[in-house]
There are 4 protein chains.
Amino acid sequence: MIIILRENPEQKQLENLVSWLKSMGLDIHYSKGVNKTIMGLIGDTASVDMDLIQALDIVEKVMRVTEPYKNANRKFHPQDTVVTVGSGENEVKIGGGNFQIIAGPCSVESEEQIIEVAKAVKEAGAGLMRGGAFKPRTSPYSFQGLRGEGLDLLSLAKKETGLPIVTEIMDLSQLDLFEDVDVIQVGARNMQNFELLKELGHLDKPILLKRGLSSTIEELLMSAEYIMSGRNQNVILCERGIRTFETMTRNTLDLSAIPVLKEKTHLPIIVDPSHATGINSLVKPMAMAATAAGADGLMIEVHNDPAHALCDGPQSLRPEQFADVVKAVEAIRPFAFGVQQ
Amino acid sequence: MIIILRENPEQKQLENLVSWLKSMGLDIHYSKGVNKTIMGLIGDTASVDMDLIQALDIVEKVMRVTEPYKNANRKFHPQDTVVTVGSGENEVKIGGGNFQIIAGPCSVESEEQIIEVAKAVKEAGAGLMRGGAFKPRTSPYSFQGLRGEGLDLLSLAKKETGLPIVTEIMDLSQLDLFEDVDVIQVGARNMQNFELLKELGHLDKPILLKRGLSSTIEELLMSAEYIMSGRNQNVILCERGIRTFETMTRNTLDLSAIPVLKEKTHLPIIVDPSHATGINSLVKPMAMAATAAGADGLMIEVHNDPAHALCDGPQSLRPEQFADVVKAVEAIRPFAFGVQQ
Amino acid sequence: MIIILRENPEQKQLENLVSWLKSMGLDIHYSKGVNKTIMGLIGDTASVDMDLIQALDIVEKVMRVTEPYKNANRKFHPQDTVVTVGSGENEVKIGGGNFQIIAGPCSVESEEQIIEVAKAVKEAGAGLMRGGAFKPRTSPYSFQGLRGEGLDLLSLAKKETGLPIVTEIMDLSQLDLFEDVDVIQVGARNMQNFELLKELGHLDKPILLKRGLSSTIEELLMSAEYIMSGRNQNVILCERGIRTFETMTRNTLDLSAIPVLKEKTHLPIIVDPSHATGINSLVKPMAMAATAAGADGLMIEVHNDPAHALCDGPQSLRPEQFADVVKAVEAIRPFAFGVQQ
Amino acid sequence: MIIILRENPEQKQLENLVSWLKSMGLDIHYSKGVNKTIMGLIGDTASVDMDLIQALDIVEKVMRVTEPYKNANRKFHPQDTVVTVGSGENEVKIGGGNFQIIAGPCSVESEEQIIEVAKAVKEAGAGLMRGGAFKPRTSPYSFQGLRGEGLDLLSLAKKETGLPIVTEIMDLSQLDLFEDVDVIQVGARNMQNFELLKELGHLDKPILLKRGLSSTIEELLMSAEYIMSGRNQNVILCERGIRTFETMTRNTLDLSAIPVLKEKTHLPIIVDPSHATGINSLVKPMAMAATAAGADGLMIEVHNDPAHALCDGPQSLRPEQFADVVKAVEAIRPFAFGVQQ
């Protein structure tokens, strides 16, 4: 951490700062220029509160040199994390060379629907099934999901197909209902719901953490750190588009985040091209691009009948379209970044 | 609502759509061009799910003509909402010509601190006091607030000064502790925590709803609508900066949101220049600008001793600086937009 | 085009509007709701000025249904445009199934440098060479390029290697110097330099048009339309990252723009992963992802010796790194979107 | 400037870097941590090319501590710049306590129109008149301005009213026509047209430099520096909204830029609420807010007859509305930031 002092700092305040920093076990190196004095802090600065220092009148600027996350940091865990989901013949692994496709409808609507879609996506090559029971909707007047009943239907579909379940939690109070869920999803809008993250950190179940619409890559890693600082190391990161000025797509899919995250962290990274683009015809090219860039998996919306969907957006694929995407992705995968020879 | 159909729509699907729309009591007007057919829906479209329609193969685009919010909509409630907080001699009103300043430290740290700051801001002219007990922090290693103990200290300060309390809730499970709190704040990161919003909709207590960092003005109103569709009509909106590419300030304070919101809704709108800018020296000019633009109030961070603050960011003012801001704001207020003769 | 009128429009103004619209040969369909009247304009609306209509007191909103560009619009030119550059054995084609890599240094610095790099990138598989002679630099104190001398050195390198030249023009006054240049590049900062675009529209030389940092996809197409409405139909579009809040990469590479543009226009689309990311290690994965998404080519910065480069940013590759990228891209290309069987 | 080295830097490269830095007259202070070595550069670093250093393999990060602009920097010119426009009884001053309103139509359309508007805005209190002769339009099919003829009409209006002229240049080739223009405006799209800026730096005429839609405050100052490094010190900065995700207003007016710029530079700062918001009803509150925040002036669009305007956007005010804005602004001004006692 580097502290740049204002010109002519008040001596008493400076002494207070120095003794406070030393009390945290940090060494301080000084670099005095004509106008500026720069202090370099040596030691474990991850728990030093930058804002606290920035608040001081004598400080012009504080900059981190090392990353503020530890458990998620590849520097301290050079090996890729492999997240194992489910067990027995339905066990799947994500990360460390294991690539998985998660597929299913936006919302669980009926037993018939979820079982039909689950069978179809399994047949096409999906390793996990998704389906929303609790739905975060911008409008209170939109369909809010089947909630508990939706989770029951997902369990039925799992019994039928063996596919592990990925579904979203919206509030801590729902946690008891998630026993049969294999991967708990934290949606983009909850990426900084810190109380929820802390609780999920006490579980052993894998957590799929989606990047917030306006969250930086570092903030995504800090949210993963919340979970991991609890105990739970099974975190899967998911890029799903960020909010920008462009309106032609619902969000802007930030595929550079894949190789950036690969450098910064050992956690698996998957991509959701359905929600990112919001447009059916863009799911395939973006799934292919994400795969080429080295993603560890994909999350894709598939429905059986759009005309009757309760919340499926325009980004959903029909099963036969999904099967086509899987084939295209599988053709790319051997040549993907980090995989190709 | 306007639906633009794709060229040569499949007739069966089109009939399905038309009969579904009619079943919701909507009238349909057609406008057929050379290439495009446009359907205008007449009637109450607030509960029509745009995504549903957009999902259809025969639909190219769906556009709303009327706003998707009702309770928050000024069209249906032309009169300004006046939110009353506290009672007796400490009663304060916000909105409809009533201007209030909410002030206090970022975090409650100690009895001494909160009482000292509360007295100082009351003396300077604040009508309500703020102070964080539950603190949303990006890093799990940063101070997370005194939590329950912090709420107790706020109650003490209220007893001492009479100032009503504004403080943030981070999770539904904390609600029981908020009995003595006068205004429950929903922070920017929780603006779309819909489960929380729904529960707060069942209370009578005023809710201060902060705009999310990447939330549009319409999304802010839809989140207010979540609360108001419950029952609770006492919602105060708060602009606190949005995330943009500019890095010189922490966020970009969107003051245009004030007059835009004034047109769209009858709810009071306040501004938080402290968090928006993140810079001490910008609080005063932005407080003045917000006042001139017609804000119904301000929320300003004030601390007693920055050198010992546990989380006060660089945006906090000392009590004497705050008093100076209050004076400047009071000088502007008579000439403000919507107030001046 | 759809015009939504305000409630109770002033009759005289409405009549003026209607007769003005009719004078442009447009038909008008009306759709009267309880509160709103909607006018649908039928006919050629590309030259109707939306702002003009929006300015009227009686108008609430104007929306386009059809795209405002014609020459660049795939609807009117379903076939892919193939841009031919150079001639004889050095002729290269871009678009319509032809994939090209443009490579070279950020700035031309010396005869030795440009010839060495040109030979290296040709050897590795580049079809065109790039090199900056006129350099747009944020600071007036930074190196501004060798200018005319730089163009001469590019000509030497072309003589030596046969590679066609791609280089940037910064102002109309430089045009005379570009005779030996094969593709004139319009940089991101000049994407809306309309006077420049108009002049380039009178040439026959291919134009490489880079998307502006904060330009929408539609604005990019409108700038292409400026060139094409002159006469010059040889426009190559280039996605090179947009400005967002994320700071881990220099810009955010918007790869969704590739399939979106493929739908909207017949023009070739290439991607510049070097400038978009600004980070050496991200060039390869993003080049691979762009290829998988269906790009018609890539533009990649290559230098011979970074330690002595005058402006090469951290995103430049050494020749052997570039050769590795070319191999990875060539492996992906047969399976790319729009190419794979 | 601070350079953070990668771990175990290659010694030969490090020596090269050190001797290169020393050759530029810089002193280097070292701060060696457990993992990182940090170099602090002491001396005049404004002309040191950060990108160059960042490009080196041994460098992890480079950070500026001092600003990269000199002529525009308040540190070296603590006194406010006062720009004088026109002469004799029509002389007006901007900056250093002098507040001016620039008003007029978006486009010059006819002699009658420009003279009528010029008289009206003068009567209402404007100190300068604006009017576009060369118009940057997104579409090649939109009205492009009367060009040379428009400049002639502005001269007529100046003769009639005495109001100095502010109008936009779009290309260097137009410069000869600007002799009678008092303030040359560089539009948002040309803020980084560096060739144009350099040429304007050789004039004595005041330049009104608008902030680009996606330009940071620092980039705005660097563009001012381009002009000032030529020779011309008469630069007026103009905030006119930046591009964000919010769609309710055309752009997001960044009023925090006013006090930020006041700290960083001695140049006058004005605000254009018309273009920023794009909405007639927001011009007044935003003009008032900009004034309260300490702006040195305003630029406001005024037309005489919207129904016949050729390019006036929906943000234009009628003369009587403008007069009302001027009154509201004049009431605020004595209490504005930096002005109030």
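**Notebook: chains A, B and C of a predicted model**

I superposed chain A on chain C first: a rotation of 180° with 0.0 Å of shift along its axis does this, at an RMSD of 0.1 Å. Residues are numbered from 1 along each chain as its sequence is written, and chains are lettered from A and ligands numbered from 1 in the order in which they are written.

**Chains A and C**

I looked up which residue of chain A comes closest to the rotation axis: A:Ala289, with its C-alpha at 2.1 Å. I then listed the contact, which takes 38 residues from chain A and 38 residues from chain C. Two residues are in contact here if their C-beta atoms, placed from the backbone, lie within 7 Å.

On the side of chain A that touches chain C, at least two residues each come from helix H6 (217–230), helix H7 (257–264), helix H9 (280–292) and helix H10 (319–332) of chain A. H9(A) gives the most to this side, with nine residues. Helices (H or I, at least four residues) and strands (E, at least two) are DSSP runs, numbered from the N terminus.

I sorted the side of chain A that touches chain C by class and found 21 nonpolar, 12 polar and five charged residues. Ala, Val, Leu, Ile, Met, Phe, Trp, Tyr, Cys and Pro count as nonpolar, Asp, Glu, Lys and Arg as charged, and the others, Gly among them, as polar. Because 100% of the interface residues of chain A are also interface residues in chain C, the copies meet through the same surface.

**Chains C and B**

I repeated the superposition for chain C on chain B: a turn of 180° and a shift of 0.1 Å along the axis give an RMSD of 0.1 Å. That is the relation of a two-fold axis. In chain C, the C-alpha of C:Phe245 is nearest the axis, 2.2 Å from it. Here too I found one surface serving both copies, as 100% of the contact residues of chain C recur in chain B.

I recorded 15 residues of chain C in contact with 15 residues of chain B. Strand S1 (2–5), strand S2 (27–32) and strand S3 (37–42) of chain C are the elements that give two or more residues to the side of chain C that touches chain B. S3(C) gives the most, with three residues. By class, this side of chain C has eight nonpolar, five polar and two charged residues.

**Within single chains**

I counted 10 helices and 14 strands in chain A. The C-alpha trace of chain A spans about 75 × 45 × 45 Å along its principal axes. Of its 341 residues, 60% count as buried (20 or more other C-beta atoms within 10 Å of a residue's own, all placed from the backbone).

C:Ala120, C:Val121 and C:Ala124 of H3(C) meet C:Pro319, C:Phe322, C:Ala323 and C:Val326 of H10(C). I classed the residues of this contact as seven nonpolar, no polar and no charged.

Conventions: Predicted model: local features only at pLDDT ≥ 70, side-chain atom pairs only at ≥ 80, totals over all residues. Buried ≥ 20, exposed ≤ 12 C-beta atoms within 10 Å, placed from the backbone. Least-squares fit on C-alpha atoms with pLDDT ≥ 70 in both.
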